[in-house]
Amino acid sequence: MSLFRKVLVANRGEIAVRVVRALRDLGIASVAAYSDADRASLAVQLADEAAHLGASPSSESYLRIDRVIDAAKRHGAEAIHPGYGFLSENAEFADACAAAGIVFIGPPAGAIRKLGSKTAARQLAIAAGAPVVPGTERALSSWEEARAAANSLGYPVLLKASAGGGGKGMRRVDRESELQAALRDAASEAGRAFGNSDVYVEKLVEEPRHIEIQILGDHHGRLIHLGERECSIQRRHQKVIEECPSPLMSSHPDLRQKMGQAALKVARAAGYTNAGTVEFLVDGNVDHGPNFYFLEVNTRLQVEHPVTELATGLDLVEWQLKIAAGEPLTLKQTDVTWRGSAIECRIYAEDPDHDFMPAPGTVVHLSEPAGPGIRLDSGISEGWNVPLEYDPLLAKLAAWGPTRETAIRRLDRALSEYVLTGVRNNIAFFREVLADTDFRGGRLSTLFLDRFFKRRKKLEADPEFEAAAALVLALASRRAEVPRRDIRRWLESGREELLR
Amino acid sequence: MKRQVMVNGRSANIEIDGSQLRYVRDEGVEIEGEFSLEGTSVLMNGRSYRVSKGAGTEIWVNGRRLTMEVFDSRDLRPGQCATANHGRQEIAASMPGKVIRVLVAAGDTVEEGQGLVVVEAMKMQNEMKSPKAGRVAEVRARPDATVGAGEILVVVE
């Protein structure tokens, strides 16, 4: 086996820790790249070597291609793991690595380019035969064209700005009588927001679920999928809870293979290698479905990869390293099996009671959960100052169980053990979500959290909790007498006596 | 030991006597019983609680966050009492409340321990006492005025 001797981790936070751990497991030396703010990060502390990139802003550190390549050269790293975010989906960076004779641990630059733009990826998916959300794709030139398109798609439809993003210029239309006014509003809103009033029409996916397929491909032509992750629980279009299997699979056992095959078609058409994720929107159509539609491809390791690892027993980072080193994927599709249920929640420094506003601060007290079925991927330690410069993800807490119910119970138990003070976070909020009957019943959609907030009840403060807290504060000034420990009994007695 | 408690904007009282505790919210809820405290572990009437202090006034109990401050109700001590009692002394409110009575006027001669101002906080009246013998240089407190924690009420020279 000729894997690398030394690898630079061009990332930070929990994912840098995750990659450093994988490297140590494989006997590969690790170099943690860091910015000023991350000088004392957990990743830097756990890595064999550390390389300074620059000032705290990402534009001065983690996004600087020249400095990352230079750091790898200085430390003699043969390969770079980009993690997620930052330079991980940057084709120019992949090219720069190749030019410097360093292995980029990820897909080829060509595949990143083909899948980088949403519209180009959609065209590629259509050509490869993967289903996409039906729509006109081109801008509507007239009201008549819009009416004909909407009628052939079937209501409800969604009008979207061609130059769009962030919901601007987007209109739901439920019947033909609303179409003309909606078209006019959407076009003028798009014109104001983007300076381009082009609008197209798409079939509205009702009760959409976000379900994605993990893929893995080597440089020898083998490409497999590792099943799905359901990531429908989102706030501000960002996933916060992910699970494998999707609760939808128990009632639709053939859906995983269908989606898996569609994902592989797209990956094959793009010439994909290494780990990647093909994202789909799945509707709640119980009569003819569920139907799934291609969204986009994330050409990197995904934040939520641990749920796939827990359910399949595979180590995705290990496979990324092996594939990048040119090793063949020795797994066949039929070797991949799914066992039990895994569920993960993302622990963020944010305030769930105030629209999930990021909340920087210093970690005062940290006591992390453990025990049966628990996996914690954390990037923090006590005294850690959560920097303002980056995404406020602190850790990912995942649980595995033989059933979804057991996994949820274990996750809830672990959340109850988790002490993280000094920084506002969403730990307590997740316990509320896990207790929700719709969540327990697997009735998920990307609209879940909005609805959850509407029915959420304010928790009553427990007087016993208050009494316990007041007790601690009232007695805080009282000096504890630390008794001198007499260890003679340990030294003099035999093991037998101590175990009695 | 008796202490006043401000928790999530409400007030309460706690009394601790040996291993006995009595916690009373202003609206009447009462917790009473035996406790033991070791580090972050609280046992109260046989139930177990995990208490960790956070930043500022936040405190976490079994994963729930509270904002809480505990005040010594016996003596709402003058702000500068930790320093030596000579020179100019500013007597400040140690918690938010309302001025009930002003007992001195500027220019008055006062003895150490003489009452200066009565402040009501959390339904308790507290007499702020002079930390030294001297002359009242300034009276900033006005009857019925609401004062914040740290606000200077009287200056004694």
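Q: How many residues of chain A are in contact with chain B, and what makes a pair of residues a contact?
A: In this predicted model, 26 residues of chain A are in contact with 35 residues of chain B. A pair is counted because the C-beta atoms, placed from the backbone, lie within 7 Å of each other.

Q: Which element gives the most to the side of chain A that touches chain B?
A: That is α16(A), with 12 residues. Other elements that each supply at least two residues to this side include β17, α12, β22 and α13 of chain A.

Q: What classes of residue make up the side of chain A that touches chain B?
A: There are 18 nonpolar, six polar and two charged residues on that side.

Q: What do the eight strands β1 to β8 of chain B form?
A: They close into a barrel, in the order β1-β2-β3-β4-β5-β6-β7-β8, with antiparallel pairing. Neighbouring strands of this sheet are turned by 35° against each other on average, direction ignored.

Q: Why are strands β5 and β6 of chain B called a pair?
A: A pair needs at least two bridges, and four join β5 (residues 41-44) to β6 (residues 47-53) of chain B, so the two strands pair. They run antiparallel, and B:Leu43 stands opposite B:Ser48 in β6(B).

Q: How do you know that β10 and β15 of chain B pair?
A: Two bridges are found between β10 (residues 97-102) and β15 (residues 146-147) of chain B, and at least two are required, so they count as paired. The sense is antiparallel, with B:Lys98 opposite B:Thr146 in β15(B). Strand β10(B) also pairs in the antiparallel sense with β12 (residues 115-121) of chain B, over four bridges. In that pairing B:Arg101 stands opposite B:Val118 in β12(B).

Q: How many helices and strands are there in chain B?
A: Chain B has zero helices and 16 strands. Of its 157 residues, 34% are buried.

Q: What makes helix α10 of chain A largely enclosed by the rest of the structure?
A: Eight of the eight residues of α10 (residues 305-312) of chain A are buried, so the helix is largely enclosed. Each is called buried because 20 or more other C-beta atoms lie within 10 Å of its own. Among them are A:His305, A:Glu309 and A:Leu310. The helix is followed by A:Gly313, whose phi is positive, near 75°.

Q: Why are helices α4 and α5 of chain A called roughly antiparallel?
A: Helix α4 (residues 91-99) and helix α5 (residues 109-116) of chain A pack at an angle of about 175°. Angles over 145 degrees count as roughly antiparallel, and α4(A) and α5(A) therefore belong to that class. Their axes are 8 Å apart. The contact is made by A:Ala91, A:Ala94 and A:Asp95 of α4(A) with A:Ala109, A:Ile112, A:Arg113 and A:Gly116 of α5(A).

Q: Why is A:Phe356 called partly exposed?
A: It has 18 other C-beta atoms within 10 Å. Buried needs 20 or more and exposed needs 12 or fewer, so the 18 of A:Phe356 fall in between. A:Phe356 is in the loop between β15 and β16 of chain A.

Q: Why is B:Asp144 called exposed?
A: It has 8 other C-beta atoms within 10 Å, and 12 or fewer counts as exposed, so the word applies. B:Asp144 is in the loop between β14 and β15 of chain B.

Conventions:
Residues are numbered from 1 along each chain as its sequence is written. Chains are lettered from A and ligands numbered from 1 in the order in which they are written. This is a predicted model: local features need pLDDT of at least 70, side-chain atom pairs count only at pLDDT 80 or more; totals for chains, interfaces and linings use all residues. Axes are lines fitted to C-alpha atoms, for helices over the stretch in contact, and angles run from 0 to 180 degrees between N-to-C directions. Two residues are in contact if their C-beta atoms, placed from the backbone, lie within 7 Å. Ala, Val, Leu, Ile, Met, Phe, Trp, Tyr, Cys and Pro count as nonpolar, Asp, Glu, Lys and Arg as charged, and the others, Gly among them, as polar. Angles under 35 degrees count as roughly parallel, over 145 as roughly antiparallel, 65 to 115 as roughly perpendicular and the rest as oblique.
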